[in-house]
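Please open the model in your viewer and keep the selection tool at hand. The tour goes from stop to stop, and each stop says what to select.

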Amino acid sequence: MRCIIANFAFDLTAREVTDAMSGVSPEPITGPSVQIGRRVYPAKQVGAVVTRQDRRDFTAGEVVRAMKRLGFTCHPAPPVAASGAVETASELLGKPTDG
């Protein structure tokens with residue numbers, strides 16, 4: 001199947017993607033991800049390995065769109081834990097003080 005990633009056309013098959021990612025250790029997931037076999041990889045890592053392009057040249061969305069068309073399961077970015085100033089202040093106010 002022909003995919004456009006970073007303004008370049010690639011003829012990819014699911015088998016080629018699976019073969020390219022075999023033996024590659026998944027990096028920590030911080031954004032959209034692609035499940036290939038039993039492993040889950042960051043979309044940018046898959047794009048870099050399959051296209052051999054710099055990760056700055058394409059978006060995770062381009063990779064996810066291409067991988068979905070090839071039949072892979074894609075996952076959105078994981079939720080970010082709330083640890084803002086309000087939560088920190090609330091925790092501090094709720095703790096008893098020594099004195």
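A disulfide is a pair of cysteine sulfur atoms within 2.5 Å. It is a covalent bond between the sulfur atoms of two cysteines. A search of the whole structure, which is a predicted model, finds zero disulfides.

**Stop 1**

Select Cys 3 and then Cys 74. Are they buried or exposed? Buried means under 20% relative accessible area. Cys 3 has 2% relative accessibility, so Cys 3 counts as buried. Cys 74 is at 15%, so Cys 74 counts as buried too.

**Stop 1: helix 2**

Select residues 43-51, which make up helix 2. How many of its nine residues are buried? Seven are, and the helix is mostly covered. The buried residues are Ala 43, Gln 45, Val 46, Gly 47, Ala 48, Val 50 and Thr 51.

Now show what lies over them. The cover of these buried residues includes strand 1 (2-5), strand 2 (8-11) and strand 3 (33-36). Strand 4 (39-42), helix 1 (14-21) and helix 3 (60-69) are also among the covering elements.

Step past the end of the helix to Arg 52. Arg 52 follows helix 2 and has a positive phi, near 60°.

**Stop 2: helix 1 against helix 2**

The axes of the two helices come within 10 Å and cross at roughly 100°. Helix 1 is therefore roughly perpendicular to helix 2.

Which residues meet here? From helix 1, select Val 17, Ala 20 and Met 21; from helix 2, select Val 46, Val 49 and Val 50. The residues of this contact divide into six nonpolar, no polar and no charged.

An α-helix has 3.6 residues a turn, so residues three or four places apart point the same way. Keep this in mind when looking along each helix.

**Stop 3: the sheet**

Strands of a sheet pair through backbone hydrogen bonds, either parallel or antiparallel.

Zoom in on strand 3 and strand 5, which pair in the antiparallel sense over three bridges. Select Ser 33 here; its bridge partner in strand 5 is His 75.

Finally, bring helix 2 back.

Note on methods. Residues are numbered from 1 along each chain as its sequence is written. This is a predicted model: local features need pLDDT of at least 70, side-chain atom pairs count only at pLDDT 80 or more; totals for chains, interfaces and linings use all residues. Side-chain values use heavy atoms; hydrogens and water are left out. Buried means under 20% relative accessible area, exposed over 50%, partly exposed in between (1.4 Å probe, protein chains only). Helices (H or I, at least four residues) and strands (E, at least two) are DSSP runs, numbered from the N terminus. Contact means heavy atoms within 4.5 Å. Two strands pair if DSSP finds at least two bridges between them. Axes are lines fitted to C-alpha atoms, for helices over the stretch in contact, and angles run from 0 to 180 degrees between N-to-C directions. Angles under 35 degrees count as roughly parallel, over 145 as roughly antiparallel, 65 to 115 as roughly perpendicular and the rest as oblique. Ala, Val, Leu, Ile, Met, Phe, Trp, Tyr, Cys and Pro count as nonpolar, Asp, Glu, Lys and Arg as charged, and the others, Gly among them, as polar.
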